[in-house]
Amino acid sequence: MDLTSEGDTLCLNRDAPWDSFDSQSYTQHNYSVLRSDDEEIIKVVRDYFSDHFRTKSERPVSGIDVGAGANLYPALSLLPWCEQITLYERSARNAAWLRNQIPRYDDSWDPFWEVLRKEEKYQDITDPRERFRRSVTVEEGDLFQLPDRLRKQEVGTMFFVAESLSNSHREFEGAVAAFLGSLAHGAPFAAAFMENSGGYWVGDDLFPACEVDSTKVGAGLEPHAAVDVLERFGLPEGPVREGYTGMILACGRRGPS
Ligand SMILES: C[S@@+](CC[C@H](N)C(=O)[O-])C[C@H]1O[C@@H](n2cnc3c(N)ncnc32)[C@H](O)[C@@H]1O
């Protein structure tokens, strides 16, 4: 029997029932209303990308959201900067949910867009649904086997994925490395992590998680990136579910530093 460093039985990424992931239940539970912790995270990501691209040419770039699942706010944070956005996702059910959002994403995402719209470049987009429809493609695939053609993305996000895909620290570090491997040198990114997550229920299925804190997140990123922001967010409204202690956001640039 294989064990994690905490002595738990290993549940690797390939062992979890990704294709049963109940996208509707997940998005309803986590994102049907805008929580204050997500709002704080969105503000930091918005300002980080805005500051980064303010000094760059206006050339539109390609972007990626890795493990997009049933959450659109990371992709929305990429809208002003990208002509093309790939939502890369392993679960067939989540990929189908994402494809269904392309023609007209649900009204529940409007409050998330309103937070982004406080910055100028987001305000310049008069019809975010039209821009989303035009820019976004969904691709089903495993981040551990990212195709070469997706390895030079110029901006990227990965939210609640690396620590929420198995309970193996080795896979956590591998997922962080794979995400950063999708980016061109110097490309900015935002990545978010559940702190000390012990696993999570989605509908009737339990999914594995690996317990990380800011130190482990920083150590996972450091070989591959220059980290500009590493911030922990507490739970002012209480947890969205049981079994974690906060959220961690990292913003930086593909390195090494
Ligand atoms: C906790 S959910 C996070 C979803 C979303 N990014 C969010 O912010 O709520 C974890 C996501 O990672 C995806 N995932 C798990 N293993 C993956 C892999 N090997 N490659 C790509 N995506 C994966 C799952 O299908 C799921 O959508």
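Residues are numbered from 1 along each chain as its sequence is written. Because the model is predicted, local features need pLDDT of at least 70 and side-chain atom pairs count only at pLDDT 80 or more, whereas totals for chains, interfaces and linings use all residues, and side-chain values use heavy atoms, with hydrogens and water left out.

The ligand sits in the largest pocket, a pocket being an open set of points on a 1 Å grid over the protein atoms alone where a 1.4 Å probe fits, with protein on both sides within 12 Å along at least five of seven lines; a molecule is taken to sit there if more than half of its atoms lie within 2 Å of the grid points. The shell around the ligand has 22 residues (each with a heavy atom within 4 Å of the ligand), of which Tyr26, Tyr31, Gly67, Glu89 and Phe159 come nearest. By class, this shell comprises 11 nonpolar, 8 polar and 3 charged residues, where Ala, Val, Leu, Ile, Met, Phe, Trp, Tyr, Cys and Pro count as nonpolar, Asp, Glu, Lys and Arg as charged, and the others, Gly among them, as polar.

Polar contacts are pairs of N or O atoms within 3.5 Å; within protein, one atom must be able to donate a hydrogen and the other to accept it, and residues adjacent in sequence count only if both atoms are side-chain atoms.

Asn30 is buried, with a relative accessible area of 14%, the classes being buried under 20%, exposed over 50% and partly exposed in between, with a 1.4 Å probe and protein chains only. The side chain of Asn30 reaches the backbone oxygen of Tyr26 at 2.8 Å. Ser23 is likewise buried, at 4% relative accessibility, and a polar atom of the side chain of Ser23 lies 3.4 Å from the backbone oxygen of Arg93.

Most residues other than glycine have a negative phi. In Phe160, phi is positive, near 55°; this residue lies in the loop between strand 4 (155-159) and helix 8 (169-181) and is buried, with a relative accessible area of 9%. Asn196 also has a positive phi, near 50°, and is placed in the loop between strand 5 (188-195) and strand 6 (200-202), where Asn196 is partly exposed at 29%.

Two further residues are described through C-alpha separations. Asp65, in strand 1 (residues 61-66), is buried at 1% relative accessible area, and the C-alpha atoms of Asp65 and Glu237, 172 residues apart along the chain, are separated by 27 Å. Ser91, in the loop between strand 2 (82-89) and helix 4 (92-101), is buried at 0%, and the C-alpha atoms of Ser91 and Gly141, 50 residues apart along the chain, are separated by 8.0 Å.

Definitions and conventions
On a 1 Å grid over the protein atoms alone, a cavity is a set of points where a 1.4 Å probe fits but cannot get out, and a pocket is an open set with protein on both sides within 12 Å along at least five of seven lines; lining residues have an atom within 4 Å of a point. Helices (H or I, at least four residues) and strands (E, at least two) are DSSP runs, numbered from the N terminus.
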